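Keep the 3D view open as you read.

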Amino acid sequence: MKALSKLLLKNHQNSPQIFKGSFAFSSSVVPGHKQQPVIIDLNDLKRQDTNIFEQIEEAYSDKGLGVLLVRNSGESKQRYMQNYLNLAKQMRQISEYKGDLSYLEQPHLEYGHGLNLGKDGYLEGGDTLQISFYANIIQESYTDHKGLIWKNVWPKDKEIAPEFEKYYMSTGRQFIDTAIMLGKKLDDYLKYNVKNYKMQIEQGIAKSPRISARSIYYAAPKNKHNSDLPKNWCSWHKDYSYITGLAPGVYVDSQDNVKHSNGDPEAGLYIQKRDYEILKLNIPEDCMCFQLGELSQIVSGGLLQALPHAVKMPVQNFDMPRISLAVFMEPEYNEPLSVPVGTNMDRVLTKQDKEHKLSPLEERWKDGMSFGDYYENCRISFSYAPDVNKKQ
Ligand SMILES: [Fe+2]
């Protein structure tokens with residue numbers, strides 16, 4: 001860590017004022033892990049007279065877990081947990097509803113908006129036990145660079161999840177507000193440590209007309225002897241955002257009782273580090289997780305690293321579905337994705353992608369490409385939608 005700091009500081013030219021004494025605030029760890037994720041308190045993120053350079057380096061450098069957790073307290077904790085847990089219950093109700101919800105599906109958008117019944121998937125195959133619900137938190141309708149209209153849709157029948165939209169938008173907004181603050185801290189860190197860095201993460205998020213959230217329901221695998229079942233609820237992949245907000249996965253039974261574990265230590269979110277070690281990540285119930293995406297890897301010249309991750313299915317205790325929420329902090333479509341001038345590309349393009357059977361970044365991105373073009377390449381490379389059988 002120290003060696004990395006030295007290297008980084010050497011590369012810096014115009015040092016801004018830096019608050020050297022600002023590290024003495026709460027940073028805590030989650031017990032039971034080999035390497036602990038970095039957790040910072042929301043109040044420390046809000047303070048403008050501090051930097052969180054050490055925490056960013058520990059979380060997002062090539063030695064980190066690619067995640068940084070923000071702990072809510074007081075009013076923000078109450079709001080976060082109330083909105084999110086109610087959202088999870090209503091997502092279960094929608095996902096298990098037996099009536100017709102086809103009006104919520106948007107095949108012309110490759111099911112990337114509204115209700116998606118098991119049509120997402122990455123290179124390991126269609127992740128058919130997933131049900132997703134996508135909506136734009138920023139505005140109700142968005143026209144993309146190809147003229148496609150991404151309009152939010154919500155359940156009409158008030159007997160199904162009557163406050164789904166309210167809880168969905170409130171939780172998503174809280175994630176975005178926190179992400180903008182984190183984006184400012186990332187910009188400060190990169191400005192200090194990377195020559196020719198353009199301050200773009202905070203504004204890229206704050207000015208984006210489209211920040212989509214994805215409420216995810218992973219159905220409980222009813223038949224544990226079914227050999228066709230994939231091992232993962234969500235296959236190995238990396239995110240194509242600046243950062244992705246992730247709520248803790250929760251298990252919801254048919255009576256809407258929410259549990260933070262299904263009792264199976266195998267099930268849950270896994271991360272593979274740059275040294276290939278695979279670790280399970282548990283997100284505490286009062287925390288928001290922010291996982292680094294490839295956009296930050298690119299614009300930081302590889303100083304920050306996005307890591308492969310997957311959600312593993314249980315090997316025992318098959319009775320409850322798992323629900324979570326992801327919020328993708330992405331810029332507008334024409335935002336250029338460039339490395340800082342003078343970047344060594346070897347730091348940005350990592351050999352781990354190919355070894356992982358993930359589509360390598362160099363096959364989806366060229367320096368200076370717009371976010372929209374990169375996004376299209378990612379969807380073609382990673383996604384099985386719209387026809388899960390034709391890809392491979
Ligand atoms: Fe992801």
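In strand E16, Gln-272 has Ile-278 as its bridge partner. Strand E15 (residues 268-272) and E16 run antiparallel and are joined by four bridges. Five residues lie between the strands of this hairpin, and Tyr-276 there takes a positive phi near 75 degrees.

A word on the model: it is predicted, so local features need pLDDT of at least 70, side-chain atom pairs count only at pLDDT 80 or more, and totals for chains, interfaces and linings use all residues. Residues are numbered from 1 along each chain as its sequence is written.

E15 and E16 belong to an open sheet of four strands, in the order E11-E18-E15-E16, with antiparallel pairing. Strands E11 and E16 stand at the edges with a single partner strand each, so one side of each is left without a neighbour in the sheet. From one strand to the next, the twist averages 25 degrees; the angles, on a scale from 0 to 180 degrees, are taken between N-to-C directions of axes fitted to C-alpha atoms. Strands here are DSSP runs (E, at least two residues), numbered from the N terminus, and two of them pair if DSSP finds at least two bridges between them.

| E11 | 232-237 |
| E16 | 278-281 |

Is Asn-116 buried or exposed? Asn-116 counts as buried because it has 23 C-beta neighbours inside 10 Å; the cut-off is 20 or more other C-beta atoms within 10 Å, with C-beta atoms placed from the backbone. Beyond four places in sequence, the contacts of Asn-116 include Ile-131 and Tyr-134, a contact being C-beta atoms within 7 Å. Asn-116 and Tyr-134 are 18 residues apart in sequence and 7.9 Å apart in space, C-alpha to C-alpha.

How values were computed:
A residue is buried if 20 or more other C-beta atoms lie within 10 Å of its own, exposed if 12 or fewer, and partly exposed in between; C-beta atoms are placed from the backbone. Two residues are in contact if their C-beta atoms, placed from the backbone, lie within 7 Å.
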